[in-house]
Amino acid sequence: MEDLLSKFKGAFLGSALGDAIGKALEDVPKEESISFYGGEVRGFVEAHPSSPSINLEPHHTSDETTISVILAESIVEKGQIDPFDFFERLKRWHKREELHRYPDPTLLTAIDLISQGVGLDDAGLVSFSVEGILRCSVVGLFHYYNPYITAEGSRLVSLITHRSKEIYDASAMYGCAISYLITESFDLSKQEDKELFLETLTTFAKYEQSKRYISKVGELLKSSKSVEEAILELGNSTYVFEAFPLALFIFLRYSKDPLDAFWEAVNACGPAGGDTDAIGYMVGSMVGAYWGIEVFPQELLENLENYEYYIKLTERLYDKTMEFIERRS
C-alpha cells in the first residue's frame with residue numbers, strides 16, 4: 001500500500017512540477033530558450049520574457065494545476081466524482097480573478113456560458129486544447145483499479161468545459177494511461193510492452209483519427225527518433241493531439257530513465273516554441289505514476305509551491321479512493 005500511495009503522490013506532485021518548471025519556457029523557440037538559459041533548464045527558473053507566465057514566481061504552478069487541485073478537492077469532500085460540485089467550485093474560482101494564472105480562455109468562456117444557462121453545443125463552443133484533459137490525471141488516480149470507469153470519468157470531467165471529438169478520445173486515453181501506470185500493468189522496459197501499452201490506450205478511442213495519432217507514437221519509438229524529430233513530426237502545440245502524443249513519446253522513449261523523460265518534457269520547446277507546461281504536466285504525472293514520488297529530487301519537491309498541501313491532498317485522495325473501492329466490494 002505504501003508503494004501505491006507513493007505513486008499517487010508521484011503522479012500529483014510530478015504533474016505540478018512539470019507545470020511549474022515548464023511554464024517558464026512556454027511559447028519560447030528552442031534556440032531562444034537555450035541562449036537565454038545557457039542550456040536546457042534543470043530546475044525552477046525565472047520565466048523567459050516571451051512566456052505568458054513572466055509574472056509568476058519560478059516555483060509557482062499555473063492554472064493547469066489549479067483545475068486539477070479543484071477536482072481533487074471535490075472528490076475528497078464528496079467521496080466520488082461529482083460533476084455538479086466540481087462545476088460549482090470552478091464557478092467560485094472563476095469569480096476570483098485575483099487568483100487566476102493565465103487560465104485557458106475556453107475554460108473561462110465555458111464557465112460563463114453554462115452559468116448563464118447556455119449549452120456549449122448551442123453556443124458552438126468547440127475546443128481542441130490539451131488543457132481540457134489535464135485534470136484527467138486525477139481521475140486516473142481515483143479510479144486506478146478500473147480503466148473502463150476511468151475512461152468514462154475522464155470524459156465526464158473534461159467535456160464539462162471542453163467539447164470536441166478530440167477531447168472525447170484524448171481525455172479517456174490520458175486518464176487510462178495514469179491508471180495503467182499506477183498498477184504497472186505493462187513492463188515498459190520492454191519494447192513489446194510499450195507497443196501494447198499504446199495499442200491498449202487506442203481501445204478507449206472512438207475515432208480512427210485519434211487512434212492514428214497514437215499509432216504514430218509507436219512508429220517513432222520503433223525508429224528510435226529523437227525528441228527533436230518527434231516534435232517536428234507530431235507537433236508540440238496546445239492542440240491536444242500534438243501535446244498528448246508527444247508526452248507519450250517522451251515518457252516511453254525514456255521509460256528506463258524517468259528523470260531524463262521529465263527534463264526532456266519541460267524543455268520540449270521546438271523551433272517555434274510549444275506548450276511546455278502542459279507537456280511537462282503530463283510527462284511528470286506519468287513518471288510519478290509509474291515510478292513513485294521518490295523518483296523526483298527531494299529538494300525540487302520541497303521548493304514547489306504548496307508542496308505540503310499537495311502531499312496532504314493526495315493522502316486524502318488516496319484514503320477516499322480506498323474507501324470508495326471498499327464500498328463497491
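## Exercises on a predicted model

At 44% relative accessibility, Glu184 counts as partly exposed, since buried means under 20% relative accessible area, exposed over 50%, and partly exposed in between (1.4 Å probe, protein chains only). The model is predicted, so to speak of local features a pLDDT of at least 70 is needed, side-chain atom pairs count only at pLDDT 80 or more, and totals for chains, interfaces and linings use all residues. Residues are numbered from 1 along each chain as its sequence is written, and side-chain values use heavy atoms, with hydrogens and water left out.

### Exercise 1

Find where Glu184 and Asn306 are placed, and look up their phi values.

Solution.
- Start with Glu184: it is found in the loop between H9 and helix H10 (191-202). Helices here are DSSP runs (H or I, at least four residues), numbered from the N terminus.
- Its phi is near 55°, a positive value in a residue other than glycine.
- Now move to Asn306, in the loop between helix H16 (298-302) and helix H17 (307-328). Phi of Asn306 is near 65°, again positive in a residue other than glycine.
- Asn306 counts as partly exposed, at 41% relative accessibility.

### Exercise 2

Is His60 buried or exposed, and which residues does His60 touch?

Solution.
- Look in the loop between helix H2 (30-37) and helix H3 (63-78) for His60.
- With 17% relative accessibility, His60 counts as buried.
- Leaving aside residues up to four places away in sequence, His60 touches Ala20, Lys23, Arg101 and Glu305. Contact means heavy atoms within 4.5 Å.

### Exercise 3

Work out how H9 and H13 are arranged.

Solution.
- Take the axes of helix H9 (residues 165-182) and helix H13 (residues 240-253): they come within 10 Å and cross at roughly 20°. Axes are lines fitted to C-alpha atoms, for helices over the stretch in contact, with angles from 0 to 180 degrees between N-to-C directions.
- That makes H9 roughly parallel to H13, because angles under 35 degrees count as roughly parallel.
- Next, list residues that meet: in H9 they include Met173 and Tyr174, and in H13 they include Phe244 and Phe251.
- By class, this contact of H9 with H13 has nine nonpolar, no polar and two charged residues. Ala, Val, Leu, Ile, Met, Phe, Trp, Tyr, Cys and Pro count as nonpolar, Asp, Glu, Lys and Arg as charged, and the others, Gly among them, as polar.

Key: Helix = DSSP H or I, 4+ residues; strand = E, 2+ residues; numbered from the N terminus. Parallel < 35°, antiparallel > 145°, perpendicular 65-115°, else oblique.
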